[in-house]
Amino acid sequence: MSRLITIGQRQTSVGALMVVVLLCAGLVGPVHRADAFGAHLYGQRALAVAASKRGAPYAYGATGPGRFDCSGLMLYSFREAGKRLPRTAEGQYERTYHVGRRQRVPGDLVFFPVGGGIVHVGIYAGHGRIWHAPRPGGRVRLERIWTRNVRYGRAD
């Protein structure tokens with residue numbers, strides 16, 4: 001059940017408030033009202049968690065809370081948001097509802113295929129950008145999607 005807080009005379013969910021705070025801070029792109037308050041709430045919460053891990057170092061096989069690989073960051077972020085995901089990017093792709101580029105919303109997963117498999121994953125932040133743990137020696141960061149060869153999945 002979502003926790004509600006009162007702001008002025010209106011009640012709102014804690015998750016919706018996190019989205020507003022991140023929008024104001026410029027850490028995520030615009031969110032449609034139905035997406036923030038409806039079916040995509042897990043993704044919105046996971047996006048906030050992933051953004052909060054900015055600068056955490058990459059470590060192969062790591063699932064947080066201080067170090068991550070790409071799928072480990074998604075696993076951790078969605079777990080903190082209340083949703084279970086498989087451990088690997090390939091497993092995460094198989095478990096999500098696939099959406100097209102035009103249907104993507106902040107909080108959707110962005111998968112990078114090579115050959116017949118999925119080799120990388122991040123979480124869509126809006127404006128063509130993702131939060132991800134890029135590679136050994138890298139740190140969790142917000143970055144433009146660098147290729148059109150991606151697939152999108154929704155974990156809700």
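Before anything else, a term we will need: a residue counts as buried under 20% relative accessible area, as exposed over 50%, and as partly exposed in between. By that scale Glu-143, at 24% relative accessibility, is partly exposed, and so is Arg-141, at 29%. Please keep in mind throughout that what we are looking at is a predicted model.

Those two residues form a salt bridge, with their closest N and O atoms 3.1 Å apart, and a search of the whole structure finds 3 such bridges. In another of them, the side chains of Arg-87 and Asp-69 meet at 2.9 Å, N to O; because Arg-87 lies in the loop between α4 and α5 and Asp-69 in the loop between α3 and α4, this pair ties together parts that are 18 residues apart in sequence. Arg-87 is partly exposed, at 29%, whereas Asp-69 is buried, at 7%.

Then there is the bridge between Arg-154 and Asp-108, at 2.8 Å, which joins strand β8 to the loop between β3 and β4, so that parts 46 residues apart in sequence are tied together. Here Arg-154 is buried, at 12%, and Asp-108 is buried as well, at 2%.

Ile-123, leaving aside its neighbours within four places in sequence, is in contact with residues including Leu-109, Trp-131 and Asp-108.

Methods
Residues numbered from 1 in each chain as written. Predicted model: local features only at pLDDT ≥ 70, side-chain atom pairs only at ≥ 80, totals over all residues. Heavy atoms only, no water. Contact = heavy atoms within 4.5 Å. Salt bridge = Lys/Arg side-chain N within 4 Å of Asp/Glu carboxyl O. Helix = DSSP H or I, 4+ residues; strand = E, 2+ residues; numbered from the N terminus. Buried < 20%, exposed > 50% of the residue type's maximum accessible area, 1.4 Å probe, protein only.
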